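Please keep the sequence and the structure in view while reading.

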Amino acid sequence: MKLSLLRSRLRCVANFRPLLDTPVMETYLRLLDALLAEDANAACESWAELYYLLKAEGHSGLGSWLWEALRFTETPYGRMAERGEEDDSLTAAAAEELTTFQMAAVTEPGVALLEPYPLPSLTWVAGWDLDTLTDFYRVNGCGLFAQYRAFRWTGGKLLPISHPDSPQPWELWGYQAQRRQVVDNAKALLEGKRVNHVLLYGDSGTGKSATVKSLLSHPELGGLRIIELDKDHLEDIPALARMLDGRPQKFILFLDDLAFESRDSTYAQLKTILEGSLERQQDNVVVYATSNRRNLLRQTTAERLGDEMDIAETIEEATSLVQRFGVRIAYLSLTPKEFLRMTADLAETYGLKLPPEELRERARQWELRHPGRTPRVARQLIAYELDQQG
């Protein structure tokens, strides 16, 4: 294929336009420009830069890079396909542009001009077509939500998390009944059912946050996405939910370690977001929150001892917020017997060699110095004892 025609076709790409704004495609177009101008030095420089960019992202050639970019870049055709809709004009445009990208992927440009230079080689193949790409969109969606499962919302933007802190289910100890409720609610969400917002409350170190994050490691929850938000960004939730509306994936908006001062203005915002706004609630979005406080509210001693009417109103306000979470799950400290049993199980799992009675006594002493009978305290004890053993 003539390079001039390939360059012209690429510059006419419309539906997949975001790909042309990437460093790889900008460099590739500069390479074509240099080759057509017979500027060997500029062509050599562009070839070297293209090679570096492709290899830095782990690709053997332009075709491999294009296949990844086509799947994980949000485009009008990708959004249409993931919703299961049809548009003959858009489909025809996507097919034509995909043909152009296939041509670029298999055409090794300007070999004769660059022969005097010892340039590294690239692979020029394309093993994909429009049907394959469309099937991917319909199953996985397009853009960032097809590529990543965990995100953080900050500064009005979604930041993908490549390697989220997501414990495997077997890494969590105790609280099986509580974790089963969390998983069942997430399964129902994936099945397209209307589900309740979830509040996990209780003592620090019991595994509330770990329970939510572990959902990404659950084998039956592959279509789930988790977006973590700070309390300072609660007012962004309606706009974020609208952005997620119509996506094939299901989303948990995760509010970790949530607590409010009694006169915190964001307190009322969350009430409206959970229930009470005129705006329709999206079926594919649910809020999961964790808190060390059952009613999510911090109160000073003066506030608790204040005017009787103020106290009653504060209690009523706190209750009205918590009641908007249809699923409320308590994570309380273990009983002494449960704590000792968990310590023994952890010791066996991690290979700590201590006689049972000695381990129990050390667990009792450790608990006195580290208040709280929780999985976190038990793990800290085992880590300490293993370190002492060398």
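A crossing of two helices is called left-handed if the near helix is turned anticlockwise from the far one by less than a right angle, and right-handed if it is turned clockwise. With that convention in hand, helix 3 is found to pass helix 4 in a left-handed crossing. The model is a predicted one, and the points below should be read with that in mind.

**Helix packing**

- Helix 3, which covers residues 23–36, and helix 4, which covers residues 40–56, have axes that come within 8 Å and cross at roughly 160°.
- Because angles over 145 degrees count as roughly antiparallel, helix 3 and helix 4 are described as roughly antiparallel to each other.

**Aromatic pairs and the ring cluster**

- A pair of aromatic rings is described by the distance of the centres and the angle of the planes.
- The count of aromatic pairs comes to 10.
- One of these is formed by phenylalanine 145 and phenylalanine 151, whose ring centres are 5.1 Å apart and whose planes stand at 70°; since an angle over 60 degrees counts as edge-to-face, the pair is placed in that class.
- Both partners are buried, phenylalanine 145 with a relative accessible area of 4% and phenylalanine 151 with a relative accessible area of 1%.
- Tyrosine 175 and tyrosine 331 also form an aromatic pair, in this case a stacked one, with 5.1 Å from centre to centre and 25° between the planes.
- This tyrosine pair links distant parts of the chain, as its members are 156 residues apart: tyrosine 175 sits in the loop between strand 2 (157–161) and helix 11 (176–190), whereas tyrosine 331 belongs to strand 9 (residues 327–331).
- Tyrosine 175 is buried at a relative accessible area of 8%, and tyrosine 331 is likewise buried, at 1%.
- Ring pairs also join Phe145, Tyr148, Phe151 and Phe251 into a cluster.

**A charge over a ring**

- Arginine 71 lies over the face of phenylalanine 136, at a distance of 5.5 Å from the ring centre.

**Cysteines**

- A disulfide is a covalent bond between the sulfur atoms of two cysteines.
- The structure holds zero disulfides.
- Cysteine 12 has a relative accessibility of 62% and therefore counts as exposed, the cut-off for that class being over 50%.
- Cysteine 44, by contrast, has a relative accessible area of 18% and is buried, because the buried class takes values under 20%.

Key. Residues are numbered from 1 along each chain as its sequence is written. This is a predicted model: local features need pLDDT of at least 70, side-chain atom pairs count only at pLDDT 80 or more; totals for chains, interfaces and linings use all residues. Side-chain values use heavy atoms; hydrogens and water are left out. A disulfide is a pair of cysteine sulfur atoms within 2.5 Å. Buried means under 20% relative accessible area, exposed over 50%, partly exposed in between (1.4 Å probe, protein chains only). Rings of Phe, Tyr and Trp (its six-membered ring) pair if their centres lie within 6.5 Å; planes under 30 degrees apart count as stacked, over 60 as edge-to-face and the rest as tilted. Helices (H or I, at least four residues) and strands (E, at least two) are DSSP runs, numbered from the N terminus. A charge sits over a ring if NZ of Lys or CZ of Arg is within 6 Å of the ring centre and within 35 degrees of the ring normal. Axes are lines fitted to C-alpha atoms, for helices over the stretch in contact, and angles run from 0 to 180 degrees between N-to-C directions. Angles under 35 degrees count as roughly parallel, over 145 as roughly antiparallel, 65 to 115 as roughly perpendicular and the rest as oblique.
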